[in-house]
Amino acid sequence: MRIQAGALALTLAAIAAAPSNQPETVDLIVYNAIVVTMDSGGRVLPRGAVAIRGNRIVAVEPAEAIASAFTARDTIDAGGQIVMPGLVNTHTHAPMVLYRGLADDLTLMEWLEKYMFPAEAKTLTPEFVRAGTRLAALEMIQSGTTTYTDMYYFEEEIARVTRDAGLRGVLGQTVIQFPVADARTPQQALARAEAFLEEFAGDELITPAIAPHAMYTLDRVTLRTVRALADTHKAQVLIHLAETADESKTSETQHRMSPTRYLDSIGFWGPRTLAAHAVWLSAADIQILAKRKIGVSHNPESNMKLASGTAKVPALRRAGVRVGLGTDGAASNNDLDMFEAMRQAAFLHKLTTGDPRAMPAGTALAMATIEGARALQMDDRIGSLEAGKRADLIVVSMAGARQTPMYDPMSHLVYVARGDDVKTTIVNGRILMRDRQVLTLNEGDVIREANGMAVRVREAVAK
Ligand SMILES: [Zn+2]
């Protein structure tokens, strides 16, 4: 009896210690893909798979290793396709998709004063913002953006629509000195921003932020109040910086300093801050941004279309500044396709530096993924395909004529792929689009609603 009991105990111990042959169950496996991880080792798996449980990536390994270690409730065969981290758009104004193509080819001031300001003054309502955000979310899901950064009005409406659509967002409630649709005074805007920070604190998908519009549209007191509010709530701060030569001239005239130095001199720069555009920077300005650890969002298409100038991205990167890519609002781009943003960024810096090595494909791809996540200080969660990170990934078709042959996946992702090539979009482990079928929004309804809003926009700018 004693011997038998001992033998039984030994057997049980041996079973417990032996490596289990039972595969572990996960929720989803995406397999058979070329997996471009964007991890620190730059790992590309020629025939890889990604296992997902809940909202996390469990493993990123060769397909055979995943097949023997895991079984899944759902699988996606990604043969002939690339699996990569979802794209991170570090600067946009989502509802402005409703002003897409309303007016082009004008000077910035004419464009703003004749079209954008009148249109916003007459059309901006919570309903309009919701319709615009739904349209933007649809476009982003369809073109592989999984995280986006926003600066606009009625940001709580944007946040709710974004969460329902399943996208991840760093969303900033705008604070501006003059009366706007959602606040008559900067004090009202600040109160709105604080309520917004509180409402969405700790949300899994929404990172609430505060968005002081720019140094030239806010006075010193309001800028300092924004900083204090952000510090109290440990919130992200999103601001437009040195977008145009005019902004720099205004700052020099009023403060005898560049916009970057002025913001430094009033104690505005602080942690968790992202500056969009950063086109007109001196070498000293770049040093300030590096020292203050400010993230930068580079928006090549908007900067080219509005002839704002060329941001010194290679110099910023050399100085250690974290630079992500953005599309800016669709009124000045005119779409939210981050693949195009990557390609234009690579082309722009080659052309302006006269050096085709100035921005290789791998750098543009990094800026649209892991570097963007770093600029937002979210690289512990997103930006690369690694076990433990949130399951934000996209499947990109590489089987068409335009993608054939393929010698280098990274080259194709930047120089060949378009947003329309994205087949499947997954955010936080949830499939938002599967084989071009968007699951979280009704495409027909979203487009009908947007066209309804466009009637109001047309009337608003009619002579
Ligand atoms: Zn902007």
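Reply: Helices (H or I, at least four residues) and strands (E, at least two) are DSSP runs, numbered from the N terminus. On that basis, Thr-424 lies in strand β15, which covers residues 422-427. The model is predicted, so local features need pLDDT of at least 70 and side-chain atom pairs count only at pLDDT 80 or more, while totals for chains, interfaces and linings use all residues. Residues are numbered from 1 along each chain as its sequence is written, and side-chain values use heavy atoms, with hydrogens and water left out.

Thr-424 has a relative accessible area of 4% and is therefore buried (under 20% relative accessible area, with a 1.4 Å probe and protein chains only). Not counting residues up to four places away in sequence, Thr-424 touches Ile-76, Leu-393, Ile-394, Val-395, Ile-431, Met-433, Arg-434 and Asp-435; contact means heavy atoms within 4.5 Å. With Asp-435 there is also a polar contact: a polar atom of the Thr-424 side chain lies 3.2 Å from the backbone nitrogen of Asp-435. Such a contact is a pair of N or O atoms within 3.5 Å; within protein, one must be able to donate a hydrogen and the other to accept it, and residues adjacent in sequence count only if both atoms are side-chain atoms.

As for the setting of this residue, the protein has 17 helices and 17 strands. Of its 463 residues, 57% count as buried. Among contacts between residues at least 6 apart in sequence, 73% join residues at least 24 apart. Along its principal axes, the C-alpha trace spans about 95 × 55 × 45 Å.

Terms used: Buried means under 20% relative accessible area, exposed over 50%, partly exposed in between (1.4 Å probe, protein chains only).
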